[in-house]
Amino acid sequence: MSDELLEVAILGKTVGLKGALKLHDKSDFPSQFKKGVSFFLKDGKTLKILSFNKSNSTAIFEGFEDINLASTLVNKVLYQSINETRKRCKLSKDEFFYFDIIGLEIWEDEQLLGVVEDILEVGLSNLFEVKTNLSLVKDGFSETFFIPYIDSYIDKISLSEKKIYSKNAFLLLENS
């Protein structure tokens, strides 16, 4: 557990007598939940999936194979390491992990607008919450603003440069 952990699911109520727990997926990768895969709890304990039912999103964990044992896991949060997430969760072209986007600088026309602080899911799209560059804040702009993650505002994302190149985002900043 040497690398940073990501919250991937919350364990819900028990289902049946054999220790199955409802899994509330908080990730974009339900395929990571399958037999043999291990996850972590906040206290560092490891939970290994013995079986997973995709149709009702229930899991049985090793060592918790009855309702009484499983009930001790209700409302616990499952975590996965960034390294394991990269290995198990495959991205399509032009897709990125949230943890790779947060912290990237937003640039438009050679000007640093700010840094991505968070990503909010709004309907079927996402909004980048941006902490405005301090020099712009000193010029009277708001401390934070939002940029929709759509082609009208995002030109290119370069993980190697740790930059997002925007277009029309300065207008959003001016109007925030």
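This is a predicted model: local features need pLDDT of at least 70, side-chain atom pairs count only at pLDDT 80 or more; totals for chains, interfaces and linings use all residues.
On its other pairing, strand 7 runs antiparallel to strand 8 (residues 111-122), with four bridges between the two. Here glutamate 108 faces glutamine 111 in strand 8. Strand 7 and strand 8 form a hairpin with two residues between the strands, and aspartate 109 in that hairpin takes a positive phi near 50°.

Both pairings belong to an open sheet of six strands, whose order is 10-9-8-7-12-11 and whose pairing is mixed. The edges are strand 10 (144-148) and strand 11 (154-158), each of which pairs on one side only. From one strand to the next, the twist averages 35°. In general, strands of a sheet pair through backbone hydrogen bonds, in either a parallel or an antiparallel manner.

### Aromatic pairs

The model contains six aromatic pairs. One of them brings together phenylalanine 29 and phenylalanine 97: the ring centres are 5.7 Å apart and the planes meet at 55°, so the pair counts as tilted. This pair links distant parts of the chain, 68 residues apart. Phenylalanine 29 lies in the loop between strand 2 (20-25) and strand 3 (38-40), while phenylalanine 97 lies in the loop between helix 2 (82-88) and helix 3 (98-101). Together with Phe99, Phe29 and Phe97 form one aromatic cluster.

### Burial of individual residues

| Residue | Relative accessible area | Class |
|---|---|---|
| Phenylalanine 29 | 17% | buried |
| Phenylalanine 97 | 7% | buried |
| Glutamine 32 | 2% | buried |
| Leucine 17 | 69% | exposed |

Phenylalanine 29 is classed as buried because its value of 17% falls under the cut-off of 20%. Leucine 17 is classed as exposed because its value of 69% is over 50%.

### Two loop residues

Glutamine 32 is located in the loop between strand 2 and strand 3. Which side chain makes a polar contact with the side chain of glutamine 32? The partner is the side chain of serine 27, at 2.9 Å. Leaving aside residues up to four places away in sequence, glutamine 32 touches Val8, Ser27, Val37, Phe39, Gln80 and Cys89.

Leucine 17 is found in the loop between strand 1 (5-15) and strand 2. Where the sequence separates leucine 17 from glutamate 65 by 48 residues, their C-alpha atoms are 8.6 Å apart in space. Leucine 17 also touches Asp66 and Ile67, again not counting residues up to four places away in sequence.

Terms used
Residues are numbered from 1 along each chain as its sequence is written. Side-chain values use heavy atoms; hydrogens and water are left out. Two strands pair if DSSP finds at least two bridges between them. Axes are lines fitted to C-alpha atoms, for helices over the stretch in contact, and angles run from 0 to 180 degrees between N-to-C directions. Rings of Phe, Tyr and Trp (its six-membered ring) pair if their centres lie within 6.5 Å; planes under 30 degrees apart count as stacked, over 60 as edge-to-face and the rest as tilted. Buried means under 20% relative accessible area, exposed over 50%, partly exposed in between (1.4 Å probe, protein chains only). A polar contact is a pair of N or O atoms within 3.5 Å; within protein, one must be able to donate a hydrogen and the other to accept it, and residues adjacent in sequence count only if both atoms are side-chain atoms. Contact means heavy atoms within 4.5 Å.
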